[in-house]
Amino acid sequence: MLLPLLLLSSVAGIAQSTVYFTEQFADEDAWESRWIESKHKSDYGKFKLSAGKFYGDLEKDKGIQTSQDAKFYALSARFEPFNNEDKNLVIQFTVKHEQKIDCGGGYIKLFPADVDQEAIHGESEYFLMFGPDICGYSTKKVHVIINYKGKNHLIKKDIKCKDDELTHLYTLIIKPDQTYEVKIDNAKVESGNLEDDWDFLPAKKIKDPEVTKPEDWDDRETINDVDDKKPEDWDKPENIPDPDAKKPEDWDDEMDGEWEPPMIPNPEYKGEWKPKQIKNPSYKGAWVHPEIDNPEYAPDTNIYRFQNIGAIGLDLWQVKSGTIFDNFLITDDEKYAEVFGSKTWGKTKEPEKKMKEKQDEEESKRIAEEAKKKDEEADEEADEEADEEADEEADEEDEDDDEDDDEQEEEEKKDEEEEEDASEDKTATKDEL
């Protein structure tokens, strides 16, 4: 995809710059004809065109997004082959982990022109791998892996990547003078020399195998004071029986065994005795092993150079999908890449951030309202339960009152019957008289 004319004309001396590849996914589904999915596995995850849930510009921020969880992804695009001899190699792209990624890659790989795109997989040979990788709390770094003479070499420095949900711009610059620079969001985060920061070559210097540490070399800075003697009352047991412990009254020696008081820390215990240290009069300092030139070392001024570069790919694994890749650029001009980043990612980063903050605010309000609603429902439910309990208690009291009334009526009736019986007895007695 051709670079916008506005950007081409914005950099002084741009005619001398070479753009080998650019992709901004600005022509809807046409990207599917430029990017080829590997068939090495039958269940690779699918990419879809999307600007995501939040963005700075709906159209400009569209990129390819991983869409399936717990999947490997293998997608690549080809371009006119080139080599970077005597030129800078600048690789740049944007990554947005809007899914709060927990474990997954966000890096690209640069392949030789003869790579079989439909057979790309994790073990396929590549020139370099660059970009963020996140997995849990321990792995949050920027990979810079370079292939040298058929072997992949990891950078020895730890470069921290961005781990938020916003879009970030990643740039790698490799120069003919064997230096490199890593940028995030157009700001340098690491730099150095290829030979120093990778183990491409044997060490320039090695320890002289013909030299060993002299037997009489004393590198002890301090020694024991031979005149220092351990006090006679030093050795005390670390723990002693508790003098306040009493044998339980229900302790049965036959059943429970012989009773022994529990042990407690001895307040008089002083620990292991060690003599005082004094300066060693024979101390000669730390012995340094002499070094010599490594006969196996041979300088290589072409570590930076890659012949026949011809494809860029996304060969990665993601536990939780949702990462969006966009604004790919391969050029030989770091200034051009900086301007390209400013006119793409730089134009939409603030609107994207504002949209994300607004969504977060609305989500926080929604969660708060739901929590409030749940609390109110819980309070209402509690009130209803309290009313029901009160009604049940009232009913029970009414029943008790009714039972008391019934008992009282029965007692009154019994009294009346007893009075009637007594009256009848009196009447009978009179009649008998």
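Which side chains meet in a salt bridge at 2.8 Å, N to O? They are the side chains of Asp27 and Arg34, where a salt bridge is a side-chain nitrogen of Lys or Arg within 4 Å of a carboxyl oxygen of Asp or Glu.

## About the model

This is a predicted model, in which local features need pLDDT of at least 70, side-chain atom pairs count only at pLDDT 80 or more, and totals for chains, interfaces and linings use all residues. Residues are numbered from 1 along each chain as its sequence is written, and side-chain values use heavy atoms, with hydrogens and water left out.

The protein chain has an average pLDDT of 91, pLDDT being the predictor's confidence in each residue, from 0 to 100. A score of at least 70 is reached by 91% of the residues. Take some care with residues 1-15, where pLDDT stays under 50. For this stretch the model has 25 contacts beyond four places in sequence, a contact meaning heavy atoms within 4.5 Å. Where pLDDT is low, the predicted coordinates should not be read in detail.

## Salt bridges

The count of salt bridges comes to 29. Side chains of opposite charge can pair when their charged atoms come close. In the opening pair, Asp27 is partly exposed at a relative accessible area of 30%, and Arg34 is partly exposed at 24%. For these words, buried means under 20% relative accessible area, exposed over 50%, and partly exposed in between (1.4 Å probe, protein chains only).

Another salt bridge links Asp293 with Lys205, their closest N and O atoms being 2.6 Å apart. Asp293 lies in strand β20 (residues 291-293) and Lys205 in strand β15 (residues 205-207), so the pair ties together parts that are 88 residues apart in sequence. Helices (H or I, at least four residues) and strands (E, at least two) are DSSP runs, numbered from the N terminus. Asp293 counts as exposed, with 54% relative accessibility, while Lys205 is partly exposed at 43%.

Glu370 and Arg366 also form a salt bridge through their side chains (2.5 Å, N to O). Both residues lie in helix α6 (residues 345-432), four residues apart, or about one turn of the helix. Glu370 is partly exposed at 38% relative accessible area, and Arg366 is partly exposed at 35%. Elsewhere, salt bridges with shared partners join Glu23, Asp27 and Arg34 into one network.

## Strand β22 and its partners

Strand β22 (residues 323-331) is mostly covered, with nine of its nine residues buried. Strand β1 (residues 19-23) pairs with β22 in the antiparallel sense over four bridges; two strands pair if DSSP finds at least two bridges between them. Here Thr22 stands opposite Leu329 of β22.

Strand β6 (residues 89-97) is antiparallel to β22 as well, over seven bridges. Strand β4 (residues 63-66) runs antiparallel to β22 and is joined to it by two bridges. Phe325 in β22 is the bridge partner of Val95, and Phe325 is also the bridge partner of Ile64.

## Nonpolar cores

A nonpolar core is a set of buried Ala, Val, Leu, Ile, Met, Phe, Trp, Tyr and Cys residues joined through side-chain atoms within 4.5 Å. The largest one here has 59 residues, and those with the most contacts inside it are Leu89, Leu128, Ile312 and Phe328. Beyond four places in sequence, the contacts of Leu128 include Leu89, Ile91, Ile108, Leu172 and Phe306. A second, separate core has six residues, among them Val90, Ile173, Leu329 and Tyr336.

Tyr336 is also one of the buried residues of helix α5 (residues 334-343), along with Ala337, Val339, Phe340 and Gly341. At the start of α5, a side-chain oxygen of Asp333 comes to within 2.9 Å of the backbone nitrogen of Lys335.

Asn147 sits in strand β10 (residues 139-148) and is buried, with a relative accessible area of 11%. Leaving aside neighbours within four places in sequence, Asn147 is in contact with Glu125, Tyr126, Phe127, Asn152 and Phe306.

Lys183 belongs to strand β13 (residues 179-184) and is buried at 8% relative accessible area. Not counting residues up to four places away in sequence, Lys183 touches residues including Tyr170, Ile173, Lys188 and Glu338.

Key: A polar contact is a pair of N or O atoms within 3.5 Å; within protein, one must be able to donate a hydrogen and the other to accept it, and residues adjacent in sequence count only if both atoms are side-chain atoms.
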